[in-house]
Every structure is written in C-alpha cells, then in structure tokens.
Amino acid sequence: MSISVIAVDDEINILEDLKRILEMMKGVRLVGAFISPLEALKFAHRNHIDAAVLDINMPELNGIELAEMFKDISPDMQVILPQAMTNMRWQPTIWMPWDIF
C-alpha cells in the first residue's frame, strides 16, 4: 500500500530535489509536483491526495494558506512543511495533523 503525495514549491531547483527524494521513498507515490500553489489546489479538487509537501513562502499563496484550503477539500490530508536552515540543509520534516491548525 502506498500513499499519494504532491509537492509544491515555487523554486524549481527545490521542487526537483523534493521530487527525487519522494520518488525514492518506499510506500510513497508522487502524484504531482507544482511550482504554482493555485495549480496544486486545482489538482486537489480533482484527485485524492494523502499528503502534501509544501513550501511556506510562495508568491500566490503561502504554504499555511494552501494547507488550510487543502483541509477544506480533504480533512484527512496530512501536510509536511519543511524548513531550510541557513546552511541549506533540511531540518527533519514533521507530519502535521490538522488539529494543530
């Protein structure tokens, strides 16, 4: 059994890295990768998504706003909000249940 995941980041280099990481993970099926949060939102309206990896700082919608919209579409969807450290190494990601919002 696998979970369906999307990645959303307005920086193409980061998005490509996320795609590579997610595609290597067992039990994860990458179903979409988007540089536009609005495109990801359209996709979420038409498709089942178990989890989303979201950038926090994006120009059209930030990751928190997008996560809240995803909650309205699919209350069971999980969200990962990775944060880059100043040396550009990734901090561990956290699966955030919706009751935290």
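Tutor: In this discussion, a contact means heavy atoms within 4.5 Å of each other. The structure is a predicted model, in which local features need pLDDT of at least 70 and side-chain atom pairs count only at pLDDT 80 or more, while totals for chains, interfaces and linings use all residues. Residues are numbered from 1 along each chain as its sequence is written, and side-chain values use heavy atoms, with hydrogens and water left out.

Student: Which residues does Lys-19 touch, leaving aside residues up to four places away in sequence?

Tutor: Lys-19 touches Leu-30 and Ala-33.

Student: Why does Lys-19 count as partly exposed?

Tutor: A residue is buried under 20% relative accessible area, exposed over 50%, and partly exposed in between (1.4 Å probe, protein chains only). Lys-19 stands at 24%, and is therefore partly exposed.

Student: What makes Asp-76 exposed?

Tutor: The relative accessible area of Asp-76 is 67%, so this residue counts as exposed. Asp-76 lies in the loop between α3 and β4. The C-alpha atoms of Asp-76 and Asp-50 are 7.3 Å apart, although 26 residues separate them along the chain.

Student: How many helices and strands does the protein have?

Tutor: There are 3 helices and 5 strands, where helices (H or I, at least four residues) and strands (E, at least two) are DSSP runs numbered from the N terminus. Along the sequence they follow the pattern β-α-β-α-β-α-β-β.

Student: How many aromatic pairs does the structure hold?

Tutor: The structure holds 1 aromatic pair.

Student: Why are the rings of Phe-34 and Phe-43 called a tilted pair?

Tutor: Rings of Phe, Tyr and Trp (its six-membered ring) pair if their centres lie within 6.5 Å; planes under 30 degrees apart count as stacked, over 60 as edge-to-face and the rest as tilted. The centres of Phe-34 and Phe-43 are 5.3 Å apart and their planes stand at 50°, so the pair is tilted. Phe-34 is buried at 14% relative accessible area, and Phe-43 is buried at 13%.

Student: Which residues of helix α3 are buried?

Tutor: In α3, residues 63-73, the buried ones are Gly-63, Leu-66, Ala-67 and Phe-70.

Student: How do you know that they lie on the same side of α3?

Tutor: The arc is that of the directions from the helix axis to the C-beta atoms. These residues cover an arc of only 100°, which puts them on the same side of α3. The buried residues of α3 pack against β1 (3-8), α2 (37-46), β3 (51-54) and β4 (78-80).

Student: How many residues of β1 are buried?

Tutor: Of the 6 residues in β1, 5 are buried, and the strand is mostly covered.

Student: How many bridges join β1 to β2?

Tutor: There are 6, and these strands run parallel; two strands pair if DSSP finds at least two bridges between them, so β1 and β2 qualify. Val-8 has Phe-34 in β2 as its bridge partner. Another 4 bridges join β1 to β3, also parallel, and the partner of Ile-6 in β3 is Ala-52.

Student: Which elements make a right-handed β-α-β unit?

Tutor: β1, helix α1 (residues 12-24) and β2 make this unit. A crossover is right-handed if, with the strands pointing away from the viewer, the path from the first strand over the helix to the second runs clockwise. Lys-19, discussed above, lies in α1.
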